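Me: I have a structure open and would like to go through parts of it with you. Could we start with the strands and move on from there?

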Amino acid sequence: MKTDRVPSLDPTRVDIGSGVNSGLLIPFPVRYHLNPINQRRWQQFQANRRGWWSLWLFMMLFVASLGAELIANDRPILVSYQGDWYWPVFTDYSETRFGGDLEIAADYRDPYLADLIRQGDGWMLWPPIRYHYKTINYALPTPAPSAPTADNWLGTDDQGRDVAARLIYGFRISVLFGLALTLLSSVIGVMAGAVQGFFGGITDLLFQRFIEIWNGLPVLYLLIILASVVEPTFAWLLGLMLLFSWTALVGVVRAEFLRARNFDYVRAARALGVGDLTIMVRHVLPNAMVATFTFMPFILTSSITTLTSLDFLGFGLPVGSPSLGELLAQGKNNLQAPWLGITAFVVLGVMLSLLIFVGEAARDAFDPRKQGIKP
Amino acid sequence: MSTPLLEVRDLAVDFGDAPTVRDVSFTLDRGETLALVGESGSGKSVTALSILQLLPYPTARHPGGSILFEGQELIGAPEQRLTEVRGDRIGMIFQEPMTSLNPLHTVERQIGETLLIHRGMDTHAARARILELLDLVGIRNPEQRLRSYPHQLSGGQRQRVMIAMALANEPDLLIADEPTTALDVTIQQQILELLSDLRERLGMALLLISHDLGIVRRMADRVAVMQGGRIVEQASNTDLFTQPQHLYTRELLDAEPRGRQEPIPETAPEVLTGRNIRVWFPIQRGLLRRTVGHIKAVDGIDIDVRAGETIGVVGESGSGKTTLGLALLRLIDSQGAIHLDGENLRQVHKTALRRLRKSMQIVFQDPFASLNPRFSIGQVIAEGLRVHAPNLTAAELDARIGNALTEVGLDPDSRNRYPHEFSGGQRQRIAIARALVLEPRLLILDEPTSALDRSVQSQIVDLLRALQRRHRLAYLFISHDLKIVRALANRIIVMRDGQVVEQGSVEDIFTRPTQEYTQRLINAAWFSA
């Protein structure tokens, strides 16, 4: 039963930091412990088992993909050669280091180099997948795209690159892009919404009309036009999409600020002579954060989806980047190679579902009506 | 002997694991009025809601007891049986008329719904009945009101619509949960008269829930006093008020604000003067938002407050009392000259105004809303000090917070606790401490006691009086409760529609009111308590 989960609100256990008083914004001591409200939210989050497991699973996948270079790479993690240790993952070595003839970067997948190292009493520790996302497998049994084999677990794409490797890197870039976009657009959106809601009146009116016009711009066309002018990079795309995605949160934050600026405790703070900025940050912002945090997982999923669809259409990340959207497009163009489409679909489906489940749990956590009914 | 209409025997209610109501037993016969009195949190409303089985089950449970309505058990009765009883045999009026009416339904639909469900009336028959009901509860021009939405009605009218809804099917029992608490004193009187009149005419039983002993004394045949989820005393009206047995009942009866304000010396300096204060909100119409007129919330008010003096500002809600207070503090835009200690608040720069705020502070009506729930008590009180005395060391700051808490009668060690751990009265003390720690000269008290129980009210009044004496504070005391104003104020301003109706010393206003409006306010105050 829900009420059983409500944590004890023992007041004596709530620590607040010491009364250190310094800094510009008249800061209050930072609280390092979760206050009772947040403790309850955390428990509420855990109470949603699906969301809780989804968070764990997603975090595991994400952390793993952060170390993609150690999982899928065309160079070994560790090479022992003539008693010395080398770390090819982190450093480039030339072939001559291992007794080769040419001053070129070592190609560890080359049987010639493997022989050299073996002759020098050496061994190589390979990642589980011996392909980088750029690595082209020239020794394919069938013309690319080739079906899954013991070597290429999920087959290769139409240029002979290992799908599993591209997937891991693609997952990482999608999530990183999504996180960056979510974070930046939340920060801008919260600030814009805060200013609108708190000051209201003409500021609010002008800002809102501006946002309405801004939202009316056809984003996709703009991206397509710009993509034909400049070669889009990660940062470019991020900036471009940020231009239009920051408006997502403005509405809710503005509403919260409009509501909260007439709270008695905000009035009281004003009567105490506290400045506008301090009131906004300290008294009103926490109210808006609930709406913000509830929305963020959903903004994250939509950011990822946007990037994927741009990649799918061919207006996304530069050619050759590992991307789920590009894999999806390949699947569409090579229906005879179903592993491409199925893989991309499953990964996208799992990733987005996990994020939605996490978002649902977060929504539960911030839902005041779920916190038991007080008599 | 016939079975009573309603018999509650050893009722117990738990919320989760917390026992909320225990051993509540009473009976109610046809045509009888029983009042449940007690302070907030004593379990009155929970008892009333369990009769209709309207508690949030399964969070709420009944570990024991029975509720017999005409001999039939209601606890655990099937939903179908309950819906037959609810709204048909037992009607209920809730405290807050704004939130108990659906804002999207017209009056006709609100009342018609219950007729449709229980009587199966068609639109035509229902309309005739609705008109009859609206007429019964004293709504003028009922035909026009049929199409009104709740927001188009005044508080009193909304409560009348609520009563009409509850009466629609001529119930045998009417449960009225604080039916007048949210209303103005003058309207309270009308609603109560309406209720007792209807009870006589329709022969209903009435279960009246109230914290206001004045109302209970006037309305009830028998009274049950509740404390901490139990009935501590049950007696007939006359017995209870003349010979209260239980200690708690006596406390409740004694909890009237007492005392009179001492006169202040003629030489006391003026702290705040306001001349011709006006707050007009423009009414804009049409495409170009032309200003066609103004709502005159405050319209040309002159006011002087001297050190150690209390000015009471009284009037019905909507008379502009609170707006006046906010305007004097320059928390909202206004016209007219305001001087604080000789400094013109209208001409000072924004930063200087913030400095001056140290000398003028405000305490709001609702102690639950005026404290940021995310701040500990220490942080709440420290906030002003951090602005006005930024150079205090941590130890000095701590000492000032401790002093402020001691001064308002709270434990200084409670500074690390959060507002939700305190009762309404304690929170109001915290709000006072927050204002006092800045050592202001003027304190504007905006209905500081109206959200509190009577006994707590008198404690706050005593506290305010003591603080005023100690610090020679000037008070602007805004209230609709004339009893408290009488106990605290030196002079009184009676406001209506933004204007001063009458002003003068407490004695003059209360003994020789010249205006009919003032007379009405005074009558209503002494009627209801």
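Predicted model: local features only at pLDDT ≥ 70, side-chain atom pairs only at ≥ 80, totals over all residues.

Me: In which sense do strand 3 and strand 8 of chain B pair, parallel or antiparallel?
Reply: Strand 3 of chain B, residues 33–37, pairs with strand 8 in the parallel sense, over five bridges.

Me: And how does strand 7 of chain B pair with strand 8?
Reply: Strand 7 of chain B covers residues 173–177 and pairs with strand 8 in the parallel sense, with five bridges between them. In that pairing, B:Leu206 of strand 8 has B:Leu174 opposite.

Me: Is strand 8 of chain B mostly covered or mostly open?
Reply: Strand 8, residues 205–210 of chain B, is mostly covered, with six of its six residues buried. In a regular strand, side chains alternate between the two faces of the sheet. On one side of strand 8 of chain B are B:Ala205, B:Leu207 and B:Ile209, and on the other are B:Leu206, B:Leu208 and B:Ser210; both sets are buried.

Me: Changing topic: what is the strand order in the open sheet of four strands in chain B?
Reply: The order is 2-1-4-5, and the pairing is antiparallel. Strand 2 (18–28) and strand 5 (72–73) of chain B are the edge strands, each pairing on one side only.

Me: How many bridges join strand 4 and strand 5 of chain B?
Reply: Two bridges join them, in the antiparallel sense, and strand 4 of chain B spans residues 60–69. B:Leu68 has B:Glu73, in strand 5 of chain B, as its bridge partner.

Me: Now the helices. Why is helix 7 of chain B described as largely enclosed?
Reply: Twelve of the 13 residues of helix 7 of chain B are buried, so the rest of the structure largely encloses this helix. The buried residues include B:Arg158 and B:Arg160, as well as B:Val161 and B:Leu167.

Me: What span should helix 7 of chain B have?
Reply: Helix 7 of chain B, residues 155–167, should span 18 Å at 1.5 Å a residue, and this agrees with its end C-alpha atoms, which are 18 Å apart.

Me: What do the buried residues of helix 4 of chain B pack against?
Reply: They pack against helix 5 (123–136), helix 6 (142–145) and helix 7 of chain B. The buried residues of helix 4 of chain B are B:Val107, B:Gln110, B:Ile111, B:Gly112, B:Thr114 and B:Leu115. B:Gly120 follows helix 4 of chain B and has a positive phi, near 60°.

Me: Why is B:Arg217 classed as partly exposed?
Reply: B:Arg217 has 18 C-beta neighbours inside 10 Å, and a residue is classed as buried at 20 or more and exposed at 12 or fewer.

Me: Finally, how many residues does each chain give to the contact between chain A and chain B?
Reply: Chain A gives 25 residues and chain B gives 37. Helix 11 of chain A supplies the largest share of the side of chain A that touches chain B, seven residues. By class, that side of chain A has 16 nonpolar, six polar and three charged residues.

Technical notes
Residues numbered from 1 in each chain as written. Chains lettered and ligands numbered in written order. Contact = placed C-beta atoms within 7 Å. Nonpolar A, V, L, I, M, F, W, Y, C, P; charged D, E, K, R; others polar. Pairing = 2+ DSSP bridges. Expected span 1.5 Å × (residues − 1).
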